[in-house]
Amino acid sequence: MPRALLTSLAVVVAVLGAVFQLSIKPVLVTAGLGRVIVPVNNERCTGYPELQACEKIVIHQPTGLLYLACSTPASRTHWTPAAHRRNATGMSTADYIATFDPSTHKITHLRITGFDSPRGLSVHGMDVVPSSSSSDVLFVYLVNHRAPRDGLQAKKVGADSAIEVFKTTVGGKELAHVRTVEDPVIATPNDLIGAPDGKGFYFTNDHGLAKTGIFRDYNIDAFLKCATTNVGYCHVDEGCKIAVSHLLGANGITRTSGGAFLVAAPPFGQVYVLDEQSDHSLVVTDTIYLDRPIDNLAVDHTGNVWGAGLVNALHLTGIHFENPSIASPSSAIRFSLNDGQSKFFGEKYRVETMFEDDGNVASGTTSAAYDSERNRLFLHGLAAPQLTVCEL
Ligand SMILES: *[C@@H]1O[C@H](CO)[C@@H](O)[C@H](O)[C@H]1NC(C)=O
């Protein structure tokens with residue numbers, strides 16, 4: 001081989017090695033490469049296999065009632081637009097919202113009224129918000145990943161996602177449809193937080209405005225650290241807009257009692273802290289770094305933030321989502337504003353693993369929420385085989 005060619009080859013190999021070390025390897029390590037599972041708080045748990053594939057769980061704090069947005073594990077394998085699974089033929093037509101009363105173990109599938117859209121309901125992110133006019137009334141905000149309109153192939157054009165707003169009463173058995181919100185800004189919605197009047201919401205677009213494309217479908221955006229995702233804001237009277245853009249991997253979203261917004265960026269083990277502006281835009285004020293991807297977030301009654309920590313995201317998305325009967329390890333992470341001594345040494349947030357399991361007690365967890373008044377940790381997941389409830 002001529003020397004010039006050898007030199008070029010050596011340069012190419014060196015560059016590829018550097019790209020691997022600097023950009024690919026850190027993502028793989030955060031995703032779980034080489035992580036050892038250490039069981040934490042997995043001894044006092046009960047499973048409820050009547051509830052499957054519930055991607056989002058929300059606690060109604062005054063009653064302790066749990067609201068769940070559920071599907072079937074098989075449907076998730078074929079139809080999960082966020083995870084590049086767009087086989088609309090395999091999409092469930094039986095997705096539902098349920099309540100679970102932990103004190104009686106009673107499960108209620110809420111009966112949907114006033115929603116006769118032939119395009120169905122395919123659930124993902126959810127928020128349940130007491131109405132500002134009556135605390136007995138709850139607004140339920142849902143991401144609805146509809147299949148594209150007739151004749152269009154989801155593989156080519158992506159999902160035709162919308163946000164649905166429903167209304168129910170605390171402990172009620174009906175979910176009355178209020179409105180469907182559609183907008184080009186609602187492109188790849190993942191999770192959302194709703195206003196107490198049923199009229200406005202912030203939502204993450206987990207792949208920005210890109211419904212399709214090799215960059216998103218092969219996770220090239222993640223490996224190249226492309227900050228292409230965003231948070232959108234919609235109000236029924238004002239329309240939709242992008243509230244903040246250039247985020248990495250925006251996914252679960254929640255709001256603290258103090259009003260700060262938190263957005264999880266799973267591929268990088270980060271959580272953004274954002275401030276709301278008067279024009280409903282958001283500004284990033286801080287970033288919390290974790291050792292693993294974190295998915296859906298929930299704030300407990302004491303103000304601590306909980307998130308599903310993906311112990312092995314590669315196994316979860318590659319193997320468990322493909323065949324949900326294969327158990328995948330789970331964890332729940334709690335973080336809090338650090339008010340202890342160490343804050344004076346630069347440790348602003350205290351991050352703790354409050355639950356960890358190899359997948360036998362809780363498999364495929366992507367949503368964790370803790371009822372601090374009743375000491376109950378709830379775990380569920382996009383394609384998970386059961387609801388798991390643990391005492392800590
Ligand atoms: C799409 O889903 C259907 C129904 O589950 C299944 O029969 C079909 O094989 C799936 N297609 C692909 C390409 O996976």
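In this predicted model, the residues lining the second largest cavity divide into four nonpolar, four polar and one charged. The lining is formed by Arg76, Trp79, Thr80, Pro81, Ser122, Val123, His124, His145 and Leu382. Two elements each contribute two or more residues to this lining, namely strand E4 (79–80) and strand E9 (123–130).

The cavity count for the protein, taken at 30 Å³ or more, is two. For the largest cavity, a volume of about 80 Å³ was computed. Its lining comprises Pro81, Ala82, Arg86, His145, Ala159, Ser161, Ala187, Thr188, Pro189, Asp206, Lys211 and Arg216. Classified by residue type, the lining of the largest cavity contains five nonpolar, three polar and four charged residues.

The surroundings of the ligand were examined separately. His78, Asn87 and Gly90 surround the ligand. For Asn87, a polar side-chain atom lies 2.4 Å from an oxygen atom of the ligand. For His78, the distance between an N or O atom in the side chain and an oxygen atom of the ligand is 3.4 Å. On its own, the ligand has 360 Å² of accessible area, of which the protein covers 37%.

Terms used:
Residues numbered from 1 in each chain as written. Predicted model: local features only at pLDDT ≥ 70, side-chain atom pairs only at ≥ 80, totals over all residues. Heavy atoms only, no water. 1 Å grid on protein atoms, 1.4 Å probe; cavity = no way out; pocket = protein on both sides within 12 Å on 5 of 7 lines; lining within 4 Å. Points joined across faces, edges and corners; volume = space filled by probe spheres on them. Nonpolar A, V, L, I, M, F, W, Y, C, P; charged D, E, K, R; others polar. Helix = DSSP H or I, 4+ residues; strand = E, 2+ residues; numbered from the N terminus. Near = heavy atom within 4 Å. Polar contact = N/O pair within 3.5 Å; in protein donor to acceptor, adjacent residues only side chain to side chain. Areas by Shrake-Rupley, 256 points an atom, 1.4 Å probe, with all protein chains shown as cover.
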